[in-house]
Amino acid sequence: MAKAPTARRYAQALFALADEKNASEAWLDELREVKMALDDPTVALYLTTPRVPAEEKLAVVTRLCEGRDPMIRNLLGLLASRQGTPLLGAVVAEYESLLNVRLGRVQAEVTTAAPISAEQQQRLRDSLGASLQKTVVLDPREDPEIIGGLVVRVGDQIIDGSVRSKLVALKQRLANESLA
Amino acid sequence: MTTRGQDIASVLKKQIEEFGGETTLTEVGTVVAVGDGIAQIHGLSKVGFGELLSFPSGVSGLALNLEEDAVGAAIMGSDVGVKEGDLVKASGLVAQVPVGDALLGRVVGPLGAPLDGKGPVRTEGQRNIEVVAPNVAMRQAVNTPVQTGIKSIDGMIPVGRGQRELIIGDRFTGKTAIAIDTIINQKGQDLLCIYVAIGQKQSKVAGIQATLEEHGAMEHTVIVAANASDPAPMQYLAPYAGCAIGEEFMAGGRDALIIYDDLTKHAWAYRQMSLLLKRPPGREAYPGDVFYLHSRLLERAARLDDEHGGGSLTALPIIETQAGDVSGYIPTNVISITDGQIYLESDLFNAGIRPAVNAGLSVSRVGSAAQTRAVKKVAGRMRLELAQYAALASFAQFGASDLDAVTRAQLERGQRLTELLKQPQYKPNGLAQMVSAMYAVVNGYMDDVPVDRVREFEERLVGYLETSKAEAMKAIDETKDYDEATETALKEGITAFKATF
C-alpha cells in the first residue's frame, strides 16, 4: 500500500498549483478525461513497459495532452518518466477528495435495489446534507441483491438500511439468542 | 413439548416484531490483502486500537496496526472465507468475554463460546478482555494463603491469595500436575479456579477436564482453551479472557485462582502475530513489547482492599524451559514479573522426587505472611534443614561411616524429609494431614523409621490420627493453627501409632 501515500503527495502538489491558478475545478475535469484515455489497457501497457524508451513515452504523453493545461501535461510527463502512470487513477481520486474537502462537498455512494426518482434523490441529498453539514454529491448505483431499502456510503462510513442486512441480522439473532 | 413450542413461537414473534430496528452509521473499510490470519484493510479511518471488526463471512477481527491508509487486523477464526474486496465493519466495541458463575464447570473459548457441548453459556455480564490492572490504592498486602495441598509448596514456597507465582521447568517435569492438584485441593473450599490452556493439544485439555470431573473439581473451575489448532490471535487473547473471568469473581469480593498454561506458547503466538503484522522483530524474533505482553497480564492479579470488596486473583503462570535454561528471554521476563517461582527439575523428577521441586532455587517473595500458622510452626525449620541436607549430601557420597553423629543425624533427617515431600499426583493433602505428617518428621518421630518406609508410615499415621484423634485434626483444619492441647493430642497419637508400626 505504498501506492496511496505517493499518489497523495502528487495530488497535494497538483492541488496547490491549481489553487494558485484558481483552476481546481476545471483541472479535475481535464484529469478525468486524461485518466479515461489512460485506462485503455494498450495505452497503459505501452506507458509502463520498460521496452519503450522514456523519451518516446514522454512524446506520446505530450501529444495526448495537446490542448490541455500545461500543468496537466507536465504531471503526466513526470509520471511517465518515473514509470508512475498507473498511479494516475489514485492521484485523480485524491485530487477529487482534496477538492471536495475544500468546497465542503462530500460524495455519497447510494445503492438501491431499484432506480430512485429525481425527487427522491433530492430529498436524500437534503437530509444527508443536513446531517453531515456538507453539500452532498450523490453517486447512485443499483444492486438488486440488497432486496430493498438503501445503503449510503460516505467515505469510510456506511449507513446500511438495506433489507438484506436486516435479514442477515435477524438470522443471526434467531440462531444465537437463547430461548430462556 | 407444547410449552417449549410456545416459548419458541413467542421469542420468534418478539424478534420478528423488532425486525428492522435502527440503522446506524458504521465505520467501514475494504480488505486489500489477506493471508496467514492477518488482513490488511483499506479505510476504517476512525477505528480504534483493539477494536473488534466484523467480516462478511461472520468471523471477527481485531484492529492491531493503525497506519495512515491501512489497518492491520488479526482474524479471530478461519481466514478462508475472507476475500479481497470484502466490506469490513467496525463494531465500536473492544473484545469482551461473558463472565459470571454460569461459567463454572464449563470449557469455553477465548471469546466465551462453549467448547464442551453443554449448550449455551447463560451469563449475566460481559467484561472487557483488556483492562488496566487495579492501582496501588485499591490493593492490600497478600496475607491469606492458597492451600495447594502439596507439602513441598505449602511448606517451603507458600503462595498467597493475590500473589503471582511462576511454575517453571522443562517439559515433562510435572508443571501442569502441580496446577491440577492445586485445583483439586480447592474442592469444597472458597477459592474458584480458572485454567487457561494456551496452544495445547486438544487431547490434553480434554484429559484435564476429565481428571477434574473425576475428582469433583470442575464445579469450582472454568477452563478457557485456545488450542494448538486455533489461530494465533485466539491463543493471544485466551489469558486476557481468562483473567477477565477471574476479575469478575474478584470484583464480587471472592477469591479466584488462575493458571496460565503456558505463557511460553502465548509468547510464540504473539510473536507470530507481530511478525505477520510486520512489526519489527527483536531478540529471539519477539517483538519489542513482549515484556509488556506478560507484565500487563500478570499485574491484573491482585488482592483488593476491603473497600473494594476484599477479593483476590492469584496467578500461577507456567513457563516451559529448554534443557533447564532459565536465562532465555521469556523465562527471565516472567521471572522478573512474578513474586517468586517454583522451579521444577528433570533430574529430580527422574530420581523419583515428585513433585520435582528444587527447594534451593524456588522462592516465594511473599513468604511466610501467606502461610497458615499451623504450617508456619512445623515448616519453619524444614527449609533450613533441607538446605543443610543438600549441602551435606554431596559429602555423604564418599561414605557416611566416618561422619560425626550430628552430621549423620542431619543426613538422616534430610533423607526422611525428602521422602516425606514426595507426593503422588491427584492426592493433595488437607491442612491437618499435612501438618501432622510434618510435625512428626520435624520433631524426630520418624528418625528411627527406615527411609524406604517413610511414606507408608506417613500414610498410615494420617489414617490413624484421622480416626483416633479426629477432634485434634478437625481443630487444625478449622483454626488453621494448633494450641497446646491439640499438640499434646498429636504427640499422644503419634506415639501410640508408632507402637503399632
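## Report on a predicted two-chain model

Both Y236(B) and Y270(B) are buried.

### Aromatic rings and charges

Across all chains, a search of the whole structure finds eleven aromatic pairs. One of them is formed by Y236(B) and Y270(B), which are stacked with 5.3 Å from centre to centre and 20 degrees between the planes. This pair links distant parts of the chain: Y236(B) belongs to helix α5 (residues 232-251) of chain B, whereas Y270(B) belongs to helix α6 (residues 263-276) of chain B, and the two are 34 residues apart. Elsewhere, F457(B), Y464(B), F497(B) and F501(B) are linked by ring pairs into a cluster.

| Charged residue | Ring | Distance from ring centre |
|---|---|---|
| R271(B) | Y286(B) | 4.4 Å |
| R354(B) | F349(B) | 4.2 Å |

The ring residue Y286(B) also has a place in a nonpolar core, described next.

### Nonpolar cores

The largest nonpolar core has 66 residues, of which L212(B) and I223(B) touch the most other members. Helix α12 (residues 431-442) of chain B provides the largest share of this core, with ten residues. A second, separate core of 60 residues has among its members I129(B), I168(B), M234(B) and Y286(B).

The surroundings of I223(B) can be listed in detail. Residues up to four places away in sequence being set aside, I223(B) touches R106(B), V107(B), V108(B), Y195(B), V205(B), I208(B), Q209(B), L212(B) and M218(B). L212(B), in this list of contacts, is the residue named with I223(B) for touching the most other members of the largest core.

Helix α12 of chain B also holds M438(B). M438(B) has a relative accessible area of 0% and is therefore buried, since buried means under 20%. Apart from residues up to four places away in sequence, M438(B) touches K151(B), G155(B), V378(B), A379(B), M382(B) and L420(B). Between M438(B) and T488(B), which are 50 residues apart in sequence, the C-alpha to C-alpha distance is 15 Å.

### Covered strands and a covered helix

Strand β18 (residues 340-344) of chain B is mostly covered, as five of its five residues are buried. In a regular strand, side chains alternate between the two faces of the sheet. In β18(B), G340(B), I342(B) and L344(B) point one way, while Q341(B) and Y343(B) point the other way, and all are buried.

β18(B) has two strand partners to describe here. Strand β12 (residues 166-169) of chain B pairs with β18(B) in the parallel sense over four bridges. Strand β19 (residues 363-364) of chain B runs antiparallel to β18(B), and two bridges join them. Q341(B) takes part on both sides: Q341(B) is the bridge partner of L166(B), and Q341(B) also stands opposite V363(B) in β19(B).

Helix α3 (residues 175-185) of chain B is likewise mostly covered, with eleven of its eleven residues buried. Among these buried residues are K175(B), D181(B) and N185(B), together with I178(B), I180(B), I183(B) and I184(B).

Another strand residue of chain B is S312(B), which lies in strand β17 (residues 312-320) of chain B. S312(B) is buried, with a relative accessible area of 0%. Residues up to four places away in sequence not being counted, S312(B) touches R161(B), G162(B), M250(B), R254(B), D255(B), A256(B), A302(B) and R303(B).

### Chain A

Chain A is divided into domain 1 (3-100) and domain 2 (105-179). Taken over C-alpha atoms, the centres of these two domains of chain A are 33 Å apart.

E109(A) is found in strand β1 (residues 105-112) of chain A. Is E109(A) buried or partly exposed? The relative accessibility of E109(A) is 27%, so E109(A) counts as partly exposed. With neighbours within four places in sequence left aside, E109(A) is in contact with D139(A), R141(A), V151(A), V152(A) and R153(A). The C-alpha atoms of E109(A) and G155(A) are separated by 8.7 Å, although these residues are 46 residues apart along the chain.

Terms used: Residues numbered from 1 in each chain as written. Chains lettered and ligands numbered in written order. Predicted model: local features only at pLDDT ≥ 70, side-chain atom pairs only at ≥ 80, totals over all residues. Heavy atoms only, no water. Domains from an automatic or database assignment. Phe/Tyr/Trp six-rings, centres within 6.5 Å; stacked < 30°, edge-to-face > 60°. Buried < 20%, exposed > 50% of the residue type's maximum accessible area, 1.4 Å probe, protein only. Lys NZ or Arg CZ within 6 Å of the ring centre and 35° of its normal. Contact = heavy atoms within 4.5 Å. Core = buried A, V, L, I, M, F, W, Y, C linked by side-chain atoms within 4.5 Å. Pairing = 2+ DSSP bridges.
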